[in-house]
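Take a walk through this structure with the model open beside you.

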Amino acid sequence: MKDGVAVVSYTCDTMKLLRNCRVDGRYGFKGVTQKDDVIQLKNADEIHANLPKTGVLLGADIGADLQRGASIDIAILLVGKRRTMRSRAARADLVGECDGATHIVRGASVGAFTMTTGSGAQARTAAQIFGGGGGASSQSARVRTTRDGSIDSCKTANPDDETPPAQCGATIRLELAAIK
């Protein structure tokens, strides 16, 4: 996203960034009031529906744990959005190696996230998930923890910032626009 408008190849099952393909343009940043969210996925169907790119792999990795009541807990801290003024692109706008291109990345919500396994029977707060659990609500064994962005860095964000804080630019959600 630093070299132009990002281009991806997207299907219902997978999304691939085409690193050597772009559309001319750039992204700006708009800060928002900090928002945190916790998502708990309790079965393979929920994992696949909410995490299509990695859901199949995660479901296979923790399938037995899911049957015993484990869940995947995701904590998200959102501080803003990177967005391009381009609302669409045509094939003629593509620059570089663009075989398979289907969409441009119109926007990306940014901040920090932590994804870890937990107990489907016990809901946890974002602070518990970001902090690694602790206390009685952290009773399940950790199979895997994935983090991107720093919660401490994100807490310094201000809605009027022109860029996200350092270490607080993890991509949380993407907004795509089809290439015409």
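A residue is called buried when its relative accessible area is under 20%, exposed when it is over 50%, and partly exposed in between, using a 1.4 Å probe and protein chains only. This is a predicted model, in which local features need pLDDT of at least 70, side-chain atom pairs count only at pLDDT 80 or more, and totals for chains, interfaces and linings use all residues. Residues are numbered from 1 along each chain as its sequence is written, and side-chain values use heavy atoms, with hydrogens and water left out.

Start with the disulfides. A disulfide here is a pair of cysteine sulfur atoms within 2.5 Å. The count is 2 disulfides. Helices (H or I, at least four residues) and strands (E, at least two) are DSSP runs, numbered from the N terminus.

Cys154 is joined to Cys168 by a disulfide, with 2.0 Å from S to S. This pair links distant parts of the chain, 14 residues apart. Cys154 sits in helix H4 (residues 151-154), while Cys168 belongs to the loop between H4 and strand E8 (170-178). Both Cys154 and Cys168 are buried. The torsion about their S-S bond is about 110°, so the disulfide is right-handed.

Now find the other pair. Cys21 and Cys98 have their sulfur atoms 2.0 Å apart and form a disulfide. Counting bonded cysteines along the chain, the pattern of the disulfides is 1-2, 3-4.

Stay with strand E2 for a moment. Arg19 has its place there. Is Arg19 buried or exposed? Its relative accessibility is 72%, so Arg19 counts as exposed. Arg19 and Gly96 are 77 residues apart in sequence, yet their C-alpha atoms are 9.1 Å apart in space.

Next comes the core. A nonpolar core is a set of buried Ala, Val, Leu, Ile, Met, Phe, Trp, Tyr and Cys residues joined through side-chain atoms within 4.5 Å. The largest one has 16 residues. Those with the most contacts inside it are Val7, Cys21, Val23, Leu94, Ala101, Ile104 and Ile179. Strand E1 (5-10), E2 and E6 each supply at least two residues of this core. Which strand gives the most to this core? That is E1, with 4 residues.

Turn to the charged side chains. Side chains of opposite charge can pair when their charged atoms come close. A salt bridge is counted when a side-chain nitrogen of Lys or Arg is within 4 Å of a carboxyl oxygen of Asp or Glu. How many salt bridges are there by this rule? The count comes to 5.

Arg22 pairs with Asp24, and their closest N and O atoms are 2.4 Å apart. Arg22 is partly exposed, with a relative accessible area of 31%. Asp24 is partly exposed as well, at 47%.

Glu175 and Lys81 meet in another salt bridge, at 2.9 Å from N to O. Glu175 lies in strand E8 and Lys81 in strand E4 (residues 70-84), so the pair ties together parts that are 94 residues apart in sequence. Both are partly exposed: Glu175 at 23%, Lys81 at 27%.

A further bridge joins Asp93 and Arg86, at 3.0 Å from N to O. Asp93 is partly exposed at 27% relative accessibility, and Arg86 is partly exposed at 24%. Salt bridges that share partners also join Lys81, Arg83, Arg106 and Glu175 into one network.

Finish at a pocket. On a 1 Å grid over the protein atoms alone, a pocket is an open set of points where a 1.4 Å probe fits, with protein on both sides within 12 Å along at least five of seven lines; lining residues have an atom within 4 Å of a point. The second largest pocket is lined by 15 residues. Nearest its centre lie Arg82, Pro164, Cys168, Gly169 and Ala170. E6 and E8 each supply at least two residues of this lining.
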